[in-house]
Amino acid sequence: MGPAMRVLIACSDASVRNAFLDVLRRAGIDVMAVAHAAATLELARQQRPDVVLLDDEFPGIAGVAGLQKLAAEIPDSEVVVLAARFDRESGVRAVLAGAAGYLSRAVAPEALPRIVRGVMRGEAAIPRTLATALIERHRMLARSDVGMRPTKRPLTSPEWEVLDLMATGASPREIATELVVPLETVQSREQHLLGKLGIHSRAAAIVIAQELRHRRPR
């Protein structure tokens, strides 16, 4: 049995924080909780959590700039944004900036163990409405020549293989097993995919992959 998953809840709302803390502990997940931005950064540096559930209203580490700052501190952690007021446009920006998910704070606490385990498997923690918005955004940008040159570059056959498997929600390790290649090879191909799609998030790539898999050149 491997080491327990470690989750950091960074939320200023005590009722939400405590409810999430309780349900994750009861699910056997190693979980910590903080109420302030400074404590979030310090604990994240010390504990290196697998997943951070991040309040979108924390001063200093909220928004796109905050996501990038936190990612620089803990590059191996996945960040799921907890939105005080769910907004599709903010969700799109967060996921495109690198978040592994974007959820309302009103999400049922009982769903959290499944959500964080899915994130650890490489799944995107986003509702259907946000997935639709991401696809719409990608279609809009793909029709534009401005700043979207990477999306014009064709994918290689190995990259299409990875893309198809990403669309099923497979993790990098599962893709490596399926394709019988080293994990590092899969990670490299995924990075190339992100560049060609003009995005910075595996979560966004999964959503876009589910749309593009049917367009695979034959």
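**Entry 1: helices H8 and H9**

I began with the crossing of two helices, where H8 passes H9 in a right-handed crossing (a crossing is right-handed if the near helix is turned clockwise from the far one by less than a right angle, and left-handed if anticlockwise). I am working with a predicted model, in which local features need pLDDT of at least 70 and side-chain atom pairs count only at pLDDT 80 or more, while totals for chains, interfaces and linings use all residues. I also note that residues are numbered from 1 along each chain as its sequence is written, and that side-chain values use heavy atoms, with hydrogens and water left out.

H8 covers residues 172-179 and H9 residues 183-197, and I found them packed at an angle of about 115° with their axes 8 Å apart. Here axes are lines fitted to C-alpha atoms, for helices over the stretch in contact, and angles run from 0 to 180 degrees between N-to-C directions; helices (H or I, at least four residues) and strands (E, at least two) are DSSP runs, numbered from the N terminus. That angle makes H8 roughly perpendicular to H9 (65 to 115 degrees counts as roughly perpendicular, under 35 as roughly parallel, over 145 as roughly antiparallel and the rest as oblique).

I then looked up the contact (heavy atoms within 4.5 Å), which is made by Pro172, Arg173, Ile175, Ala176 and Leu179 of H8 together with Leu183, Val186, Arg189 and Glu190 of H9.

**Entry 2: helices H2 and H3**

Next I turned to H2 (residues 37-47) and H3 (residues 63-73), which pack at an angle of about 30° with their axes 9 Å apart, and H2 and H3 are therefore roughly parallel to each other. On the H2 side I listed Leu41, Ala44 and Arg45 as making the contact, and on the H3 side Lys69, Leu70 and Glu73.
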